Amino acid sequence: MEITNVTEYEAIAKEKLPKMVYDYYASGAEDQWTLKENRNAFSRILRIRDSPGSFSCGNNYVCSFRFYLCFSPFPLQTLSSWATSSVEEVASTGPGIRFFQLYVSLRNHLYTFCILFTLPPFLNLKNFEGLNLGKMDKTDDSGLASYVAGQIDRSLSWKDVKWLQTITSLPILVKGVLTAEDARLAIQAGAAGIIVSNHGARQLDYVPATIMALEEVVKAAQDRVPVFLDGGVRRGTDVFKALALGASGIFIGRPVVFSLAAEGEAGVRKVLQMLRDEFELTMALSGCRSLKEITRNHIVADWDQPRVVPRL
């Protein structure tokens, strides 16, 4: 089967993965409204500025930009507290910028899914080896949920961001910001960056789609720290829209997991290439020769229009 866009990998992954695993990665919280809204909100942003006439990336046109696309930390897969590969193992694979997601409170997130989730015997949580925390046994509910609920301190506050700065020289980014107020608080706490995210719509339903919250957070940050977008990106045009709204870079999660399940490393590489190809074409047709040329003037969103409230 020839894959023509990123979304097609989910159906293939669903056929290949055990139902328990697929449900865990594909599902969202409660009614899954925010899960759907993360995608639907992108369709309410139109790319309105085309270049006059034809455009090409040939000898007279230089595509001089870096493709700002990152992998979102995902439970048991990409680099995080609950990864099945250690930080050292991931670092040994080659150069590159890496983000490590420090999980602090996941109890509500993990109890969203009433499924029997346990790790297979050949996998464990590598970052906790030697601490009697690396294995999860089967229980009457989700083994992963029970494990995390028993191990995590759920008293996280802004002061903990400041405390983390005393034990590491690494830059600390705050993930899960959806409002201007929290953006300002994160910066006051010393955050080196912000990730606009609703955690894949897996924790709390009926929160805004991340693309809808992005511009508010960017304006509140006032260029003091970079602001990244996480959630709902499935097309190169989505990347373009996010950058036009002020994002410094984009994180993707489920496309990586599903393509990995479908075709392994080759599938992940293809996802990245498809997104890059679509993004380059969008730039060319929009007349943008660099990332700096992508501006708010290139798009219009439905929330730009004034809303009329009828008087009864």
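1. Which strand and helices each supply at least two residues of the lining of the second largest pocket? They are strand S2 (69-71), helix H4 (87-91) and helix H11 (254-285). H11 gives the most, with seven residues. Keep in mind that this is a predicted model.

2. Now the pocket itself. The second largest pocket has a volume of about 1,200 Å³. Its lining is made of 29 residues. Nearest the centre lie Cys-70, Phe-71, Ile-97, Arg-98 and Leu-272. Sorted by class, the lining has 17 nonpolar, seven polar and five charged residues.

3. Next, a strand pair. Strand S3 (residues 173-177) runs parallel to strand S4 (residues 193-196), and four bridges join them. Between the two strands the chain passes through helix H8 (residues 180-188). This β-α-β crossover is right-handed.

4. Then the annotated positions. The UniProt record, an unreviewed entry, gives the feature "binding site" at Tyr-24, Tyr-103, His-199 and Arg-202. Tyr-103 sits in the loop between H4 and helix H5 (107-111). His-199 sits in the loop between S4 and helix H9 (210-221).

5. Is Tyr-103 buried or exposed? Tyr-103 has a relative accessible area of 10%. Buried means under 20%, so Tyr-103 counts as buried. His-199 has a relative accessible area of 27%. That value lies between the cut-offs of 20% and 50%, so His-199 is partly exposed.

Terms used:
Residues are numbered from 1 along each chain as its sequence is written. This is a predicted model: local features need pLDDT of at least 70, side-chain atom pairs count only at pLDDT 80 or more; totals for chains, interfaces and linings use all residues. Side-chain values use heavy atoms; hydrogens and water are left out. On a 1 Å grid over the protein atoms alone, a cavity is a set of points where a 1.4 Å probe fits but cannot get out, and a pocket is an open set with protein on both sides within 12 Å along at least five of seven lines; lining residues have an atom within 4 Å of a point. Grid points are joined across faces, edges and corners, and a volume is the space filled by probe spheres set on the points. Ala, Val, Leu, Ile, Met, Phe, Trp, Tyr, Cys and Pro count as nonpolar, Asp, Glu, Lys and Arg as charged, and the others, Gly among them, as polar. Two strands pair if DSSP finds at least two bridges between them. A crossover is right-handed if, with the strands pointing away from the viewer, the path from the first strand over the helix to the second runs clockwise. UniProt positions are given in the numbering used here, feature names are shortened, and annotations may be inferred rather than shown by experiment. Buried means under 20% relative accessible area, exposed over 50%, partly exposed in between (1.4 Å probe, protein chains only).
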